[in-house]
Amino acid sequence: MRVEIIVLICYFIGMIAMGLYWNKKSKSSEDYMVGGRSMGPLVTALTLQTTAMSGFMFMGGPSLAYQFGYFALFYAIGDASGGLINLTVLARRMRRLSQLLDAISPIEYLEKRYQSIPVKIIGCIIAVFGLSCYVLGQFMATGKTLVTLFGFPLEAGLIIGVTVILFYTFVGGYFAVAWTDVIQGFIMIGSLIVIFVGVMFDMGGFTGLHERLAAIDPSLLGFWGRDNHYEGQWGVIAGASLIYMIGYMGLPHSVNKHMAMGSPKKAKTSVIYATIWTQLFCFIPYFLGMAGLIYFTAEPQNLINGDMELVIPSLAALKFPGVFSGLMLTAIMSAIMSTVAALMLLIATIVSIDFYKRWLRPDASDKKVVFVSRASIVCVGVIGVIIAILNPPGIFKLIVDTFSFLGAAFMPSYICAIWWKKANATGSAVSMVVGCLMAWSWGTFNLEGITGIHAFIAGVVPAWICMIIFSNFGKPTSPEMCDLIERAKGKKIDVSKQVEVAASKQLSTESKAITQFVFSRKSAMVEA
């Protein structure tokens, strides 16, 4: 048996073992879906970043650099600061407010913050559709990776990879997803750094890389991409930078990580870990994509299946055959699996909490809720594999379009939820609908090429305008909710009696103790 196969099999066994171990730790639906809100700063940072990076960073991103050269670094520049901005803007306040609202789903959080059932319905539809498309992109990356390693048909690769992901997510829930993300994060960054150092040494450093790219086509080093493909399209440039710089704040599976932190104070340390990790990780895949163009222009037979999305696996097989090639393929699987697990778990949370428990069975027990969550995970996995086999899309386009769709739809609602008291249900609902429709239209009808405006920009700008304008209509934010938003800032403030009662219901032991202490002293001073 090939060494690469042995390495990957050992990795799969390890992930399955993690799922079985953490299965014993999940005692309730809150444990299963948000890890009992107990995640530390390192776990929070790495699960946030590994979930965000996904198979795009090993396949979609390098393929863009392979095709257009230095233009692709606009995506990397935004990505390098995306985690920092996400944690800084949202983490602490969202963590506090989600617990005050007793929300364990990012859609339930929006419903309770904006005090609106239509917001919940719209959010559920957009989230389930968008996250399912994102899962499909990861499934395609899974299949391609295993095709690379085993030489199996795409169908077999998809079924094997997805089965492993389904198992440890199904069994272990958020605990398994988070802790496997930590392990996967170190595998990803370690493997990338080793292959990057080896390839760049062979190239003669960045000077050698630039000279060889210029020999192929000088426009690869330019601002607008190969053959000046994006010349004058400033809207595309802005979108390429901003989609990952600020777009993460609109992704339900990213903001969900804030809700699972052990305490709001963890956010500060998480920012440090996330920033270090992204600076090491974000740029390397793009440079490897450009290095691959140099290698495989000279020796095209070494590019696996002639597929530019397989440039990093091809470099690993060419330069580091054997054990390290297996580790690199394991790193790619780590990136994919960390994202798929988080996405499927979140879809399951939305289905079980926001649909099943909210509408069908309000009195459902924790055991029933977890059962529905697990059934949802299996359904999403099976449907995703079928679609990927029957009509496989391109990984880069699918993931970028979905990212634009989700980011444009949700970002204004999540940011305004904690930073703007005037934001209301009308503004949130219209913002979500307009943002997702505009981004979807741009991607579906290829309007980027016609207008020179990136799909993310086309969606998020109208979404923000709608949030600001339409929040002036409809029912204003209630005084009780305004009090809760103040409490989410973490300061000592005066709060109303209604807020104290609402906050004491179904919160954690610590929050209950604080509220009881306040009542016993007959004081309206609460320390968040």
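# Helices, burial and confidence

Visitor: Which residue takes a positive phi just after H5?
Guide: Asp102 does, with a phi of about 55°. Bear in mind that this is a predicted model.

Visitor: What is the span of H5 from its first C-alpha to its last?
Guide: H5 covers residues 73-100, 28 residues in total. Its ends are 40 Å apart, close to the 40 Å expected at 1.5 Å a residue.

Visitor: Where is the kink in H5 centred?
Guide: On Leu90, with a kink of about 45°. That figure is the angle between axes fitted to the seven residues ending at the residue and the seven starting there.

Visitor: What makes H5 mostly covered?
Guide: The count of buried residues: 22 of its 28.

Visitor: And what makes H11 mostly covered?
Guide: Eight of its eight residues are buried. H11 runs over residues 252-259. Its buried residues include His253, Asn256, Lys257 and His258.

Visitor: Why is Phe403 called buried?
Guide: Its relative accessibility is 0%. Buried means under 20%, so Phe403 counts as buried. Phe403 belongs to helix H17, residues 395-419.

Visitor: Which residues is Phe403 in contact with, leaving aside neighbours within four places in sequence?
Guide: Tyr134, Ile243, Tyr244, Gly247, Tyr248 and Leu251. As for Ala455, it is 52 residues from Phe403 along the chain, and their C-alpha atoms are separated by 9.6 Å.

Visitor: Why is Asp202 called partly exposed?
Guide: Its relative accessible area is 34%. Asp202 sits in helix H8, residues 154-203.

Visitor: What does Asp202 touch, not counting residues up to four places away in sequence?
Guide: Arg212, Tyr295 and Lys319. Asp202 and Lys319 are 117 residues apart in sequence, yet 9.7 Å apart in space, C-alpha to C-alpha.

Visitor: Why is Cys416 called buried?
Guide: Its relative accessible area is 4%. That is under the 20% cut-off, so Cys416 is buried.

Visitor: Is Cys466 buried or exposed?
Guide: Buried, with a relative accessible area of 11%. The limit is 20%, so the label holds for Cys466.

Visitor: What share of the chain counts as buried?
Guide: 61% of the 528 residues. The accessible surface of the chain comes to about 19700 Å², and 67% of it belongs to carbon and sulfur atoms.

Visitor: How many helices and strands does the chain have?
Guide: It has 23 helices and two strands. Among contacts between residues at least 6 apart in sequence, 82% join residues at least 24 apart.

Visitor: What pLDDT does the chain average?
Guide: 79, with 80% of the residues scoring at least 70.

Visitor: Which elements have the lowest and the highest mean pLDDT?
Guide: Helix H23, residues 509-521, has the lowest, at 34. Helix H20, residues 455-470, has the highest, at 96.

Visitor: Over which residues does pLDDT stay under 50?
Guide: Over residues 492-528. The model has 57 contacts beyond four places in sequence for this stretch. The scale runs from 0 to 100 and gives the predictor's confidence in each residue, so treat those contacts as part of a stretch with pLDDT under 50.

Notes. Residues are numbered from 1 along each chain as its sequence is written. This is a predicted model: local features need pLDDT of at least 70, side-chain atom pairs count only at pLDDT 80 or more; totals for chains, interfaces and linings use all residues. Side-chain values use heavy atoms; hydrogens and water are left out. Helices (H or I, at least four residues) and strands (E, at least two) are DSSP runs, numbered from the N terminus. Buried means under 20% relative accessible area, exposed over 50%, partly exposed in between (1.4 Å probe, protein chains only). Contact means heavy atoms within 4.5 Å. Accessible areas come from the Shrake-Rupley method with a 1.4 Å probe; for residues, only the protein chains shown count as cover. The expected span of a helix is 1.5 Å times one less than its number of residues.
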